[in-house]
Amino acid sequence: MSAGGAPGETVLLDAAGIAALLGRFTEALAVGFGAADDLCLVGIKRRGDVLARRLQASLAVRLGRELPLGSLDITLYRDDFDSLAEEPVVGTTEIPFALDRRTVILVDDVLFTGRTVRAALDELLNLGRPARVALVVLIDRGWRELPIAADLAGLTVATARDDDVAVALAETDDEERAVLRRGARPGD
């Protein structure tokens, strides 16, 4: 971790740090799940799907085969859907393969309360019945409201409830980093 962002911001990961964590994930997933014929990756939009796409590419090199890749837009599955903007933007879920009896590696950028992951699990189970779902997150910042834990977390960061952890990726944000902003979240 380093200061070096805007005032009140701490850079948790730069581009090299993100790449290193994805390399660790690739190795851990190859060792832990690589022999499974039924393995697939599913990323939670907006940045989990980018990370899943990167993992798919690195696992293809490591395993010598390309894993099926999907993405989830969990907007309609959120438990706070009614409190979103009057016209929430709902994206598309793209799972171009059957989920039944598959080992799903669910990928997201930041694990906080667990509600996003709960919504993703609800959507996955509406689409099929996986044999197993393993959760991979770039950053675990604590403050769980639901009994959800990552199987693989790249970085665990102690935060206050009103802090914000933001991940920026080149594909979506034209920069590559993760930052901690103290006291940046509005009160709940």
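The model is predicted. The chain holds 4 helices and 9 strands. Its radius of gyration is 16 Å, close to the 16 Å that the globule rule gives for 188 residues, so the chain is as compact as a globular protein of that length.

**Overall fold**
- In sequence order, the elements run β-β-α-β-α-β-β-α-β-β-β-α-β.
- The C-alpha trace spans about 45 × 40 × 30 Å along its principal axes.
- Of the 188 residues, 43% are buried.
- Among contacts with a separation of 6 or more, 68% come from residues 24 or more positions apart.

**Charges and salt bridges**
- The chain carries 22 positive and 31 negative charges, and their mean positions are 4 Å apart.
- The structure holds 16 salt bridges.
- One of them pairs aspartate 173 with arginine 46, with the closest N and O atoms 3.8 Å apart. Aspartate 173 sits in helix α4 and arginine 46 in the loop between β3 and α2, so the pair ties together parts that are 127 residues apart in sequence. Aspartate 173 is partly exposed at 22% relative accessible area. Arginine 46 is also partly exposed, at 48%.
- Arginine 161 bridges to glutamate 145, with a closest N and O distance of 2.5 Å. This pair links the β7–β8 loop, which holds arginine 161, to the β6–β7 loop, which holds glutamate 145. Arginine 161 is partly exposed at 26%, and glutamate 145 is partly exposed at 36%.

- Aspartate 140 is buried, with 12% relative accessibility. Its salt bridge to arginine 144 has the closest N and O atoms 2.8 Å apart. Arginine 144 is partly exposed at 27%.
- Valine 157 lies in the loop between β7 and β8. Its relative accessible area is 7%, so valine 157 counts as buried.
- Valine 157 and aspartate 140 are 17 residues apart in sequence, but 6.3 Å apart in space, C-alpha to C-alpha.
- Beyond its neighbours within four places in sequence, valine 157 contacts Leu12, Ile139, Asp140, Arg141 and Leu180.

**A buried charge without a partner**
- Aspartate 49 belongs to helix α2, residues 48–63.
- Aspartate 49 is buried yet has no salt bridge. The nearest side chain of opposite charge is arginine 53, 4.4 Å away.
- Leaving aside neighbours within four places in sequence, aspartate 49 contacts Gly43, Ile44 and Ser71.

Key:
Residues are numbered from 1 along each chain as its sequence is written. This is a predicted model: local features need pLDDT of at least 70, side-chain atom pairs count only at pLDDT 80 or more; totals for chains, interfaces and linings use all residues. Side-chain values use heavy atoms; hydrogens and water are left out. Helices (H or I, at least four residues) and strands (E, at least two) are DSSP runs, numbered from the N terminus. The radius of gyration is taken over C-alpha atoms; the globule rule is 2.2 Å times the number of residues to the power 0.38. Buried means under 20% relative accessible area, exposed over 50%, partly exposed in between (1.4 Å probe, protein chains only). Contact means heavy atoms within 4.5 Å. Lys and Arg count as positive and Asp and Glu as negative; His and the chain ends are not counted. The place of a charge is taken as NZ of Lys, CZ of Arg, CG of Asp or CD of Glu. A salt bridge is a side-chain nitrogen of Lys or Arg within 4 Å of a carboxyl oxygen of Asp or Glu.
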